[in-house]
Amino acid sequence: MLDTAQNFERAFERFEEQDTNFRAELERGEGWPSVDDWNNVRNLRDFLEHFYEFTLRISGTSYVTSNNFLDELSEIDILLRDAQLNSNVAFNVMAIKMKEKYDKYWGGIDKINLLMFVACVLDPRQKLKYLEFVLSEMSSSEKACEMMQKLKESLYELFDEYKPPLHSTCSQSSVPTHVSLGESQQKMKRRIQALYKKRELEICGEDKTSELDKYLAEANEGFVEDFDILLWWKVNSPRFPTLSKMARDLLAIPVFTVASEFAFSTGGRVLDQYRSSLTPKIVQALVCTQDWIRQSSSQEDIKKIEERIQELDKIENGLMQLEIFWREEMDTNGEY
C-alpha cells in the first residue's frame, strides 16, 4: 500500500491546480499530506520492505528454508536495533514495540528449536564458525558459548543415532561390485591389504577422526546466491554418507507452517457440498494437480484453465439442481 501511495505524491500537487477546494476539503478530515508525511511514507516503506522480503524467502515451499532461518532472523534483529536509534520519534516508538514482540518469541537464543541450529551446521557455507559468530551478535558471549556447547553435544548425539552399526557397514562393503576373484587370489589380496593397514598404523597411528569431524574441519563454501545445498549434499554423499542422511531429513523441515495451513484451505475449496464423497486419494490428486498447474503455467494459461473449471462447475451444479428437481417431482407425482 505504501509502495503504491508514494507514486501519487505529484498527483496531489497537480490535483490542487485543477480543484482549488481540494486542500480545504482534505483539511476538514485527516489533513493534507505534507512533505514530512511523504518522507515518512518512503522511510516506512523501505523499513517494511525487509520484512516483506523476509516473509517471502522464509515461507517458500519449492526450496530449502531451515538452513537460512537463523541467518534471516539475525538480520531482523540487527534491523530492529538500528531502527530503535532512529531520530524520528514515531518511528522509534514503533521499532521499540516491534522489538518487544520479537523478543517475546526469539529474544533468547534458547527459545529457538535446536534443530534449526543443526540445519545451519549442515549448510557447508556456515557450519560452526559462522553459527558462533551469528549467536554472539544476537546475544551475549556467555549465552553464545553455552548454546554452542549444547549444540555440539546434541550434534554428536544425533550423528551417533544416524551412524549405521559396524556389522551393517561390513555387510554393505562385502557386496560384490566387480568380477569375482578366485579363492587363492582373494587370499593374496586380503593379505596385501592387511599388511598395508598394519604399516599405516605403525607410521600414522589409528585414524579416529569421525565423518562429522572431517566435515567440520574442511573450509566453508563461499556465500553464493545460486548455491544449491541439496545438490552439494548429493555430490558429496559418497564422502559423508551419514551426514547426507541427516541433511536429507533436517533440511526438509519447513520453517513456517503457512504452506501446510494453506493446503487445508485449498482442500476446503475442493471438497464442496457436491464433492463431499471424494476419497482422500482423489482429493490429494486434485490439490497437487492444481499446485503443479500454477507452478508450470503462465498467468494466461491459468486464467483459461480456471474459466474452464468454473464452466464445468456451473454445468455440474445445473445437473445437480435438475436431478433434485426431478426427484421432487417424482415424490410429488409418483413418476418421472
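A salt bridge here is a side-chain nitrogen of Lys or Arg within 4 Å of a carboxyl oxygen of Asp or Glu. I wrote that down before looking at any pair. I also noted that this is a predicted model.

**Entry: salt bridges**

I checked K163 and D160 against that cut-off. Their side chains meet in a salt bridge, 3.5 Å from N to O. I then looked up the accessibility of both partners. K163 is partly exposed, with a relative accessible area of 42%. D160 is also partly exposed, at 46%.

I searched the whole structure next. The search finds eleven salt bridges.

I turned to E218 and R239. They form a salt bridge whose closest N and O atoms are 2.0 Å apart. This pair links distant parts of the chain, with the two residues 21 residues apart. I found E218 in the loop between helix 12 (211-217) and helix 13 (229-236). R239 sits in the loop between helix 13 and helix 14 (241-250). E218 is partly exposed, at 29% relative accessibility. R239 is partly exposed too, with a relative accessible area of 42%.

R248 counts as exposed, at 54% relative accessibility. D249 is partly exposed, at 33%. I also noted a network: salt bridges that share partners join D3, R45, D46 and E49.

**Entry: the chain as a whole**

I counted secondary structure. The protein chain has 17 helices and zero strands. Of its 336 residues, 25% are buried. I looked up the accessible surface, which comes to about 24500 Å². Carbon and sulfur atoms account for 55% of that surface. I then took the contacts between residues at least 6 apart in sequence. Of these, 66% join residues at least 24 apart.

**Entry: helix 4**

What length should helix 4 have? I worked it out from its 24 residues, 35-58. At 1.5 Å a residue the helix should span 34 Å, and its end C-alpha atoms are 35 Å apart, so the two agree. I also looked for a bend. There is a kink of about 25° in helix 4, centred on L48.

I listed the buried residues of this helix. They are W38, V41, F47, F51, F54 and I58. I then asked what covers them. The cover includes helix 1 (2-5), helix 2 (9-18), helix 5 (69-83) and helix 6 (89-106).

**Entry: Q126 and K127**

I went to the loop between helix 7 (114-121) and helix 8 (127-138), where Q126 is found. Is Q126 buried or exposed? Its relative accessible area is 3%, so Q126 is buried; the cut-off for buried is under 20%. I listed its contacts, leaving out residues up to four places away in sequence. Q126 touches N67, N68, C120, L131, N220 and F223.

I moved on to K127, which has its place in helix 8. K127 counts as buried, at 3% relative accessibility. I checked its backbone as well. K127 has a positive phi of about 55°, although it is not a glycine. I set the general rule beside that: most residues other than glycine have a negative phi.

**Entry: L151**

I found L151 in helix 9, residues 141-162. At 0% relative accessibility, L151 counts as buried. I looked up what L151 touches, again not counting residues up to four places away in sequence. The list is L114, F117, V118, V121, L128 and L131. I took a C-alpha distance for one of these, V118. The C-alpha atoms of L151 and V118 are separated by 7.4 Å, and the two residues are 33 residues apart along the chain.

**Entry: a nonpolar patch**

I finished on the surface. L312, I315, L319, L322, F325 and W326 form a nonpolar patch there. Together they have about 620 Å² of accessible area. I picked out I315, which lies in helix 17 (residues 299-333). With a relative accessible area of 53%, I315 is exposed. The reasoning needs one cut-off: exposed means over 50%.

Conventions
Residues are numbered from 1 along each chain as its sequence is written. This is a predicted model: local features need pLDDT of at least 70, side-chain atom pairs count only at pLDDT 80 or more; totals for chains, interfaces and linings use all residues. Side-chain values use heavy atoms; hydrogens and water are left out. Patches are made of residues with over 30% relative accessible area and no salt bridge: like charges are joined within 9 Å, nonpolar side chains (Val, Leu, Ile, Met, Phe, Trp, Tyr) within 5 Å. Accessible areas come from the Shrake-Rupley method with a 1.4 Å probe; for residues, only the protein chains shown count as cover. Helices (H or I, at least four residues) and strands (E, at least two) are DSSP runs, numbered from the N terminus. Buried means under 20% relative accessible area, exposed over 50%, partly exposed in between (1.4 Å probe, protein chains only). The expected span of a helix is 1.5 Å times one less than its number of residues. The bend at a residue is the angle between axes fitted to the seven residues ending there and the seven starting there. Contact means heavy atoms within 4.5 Å.
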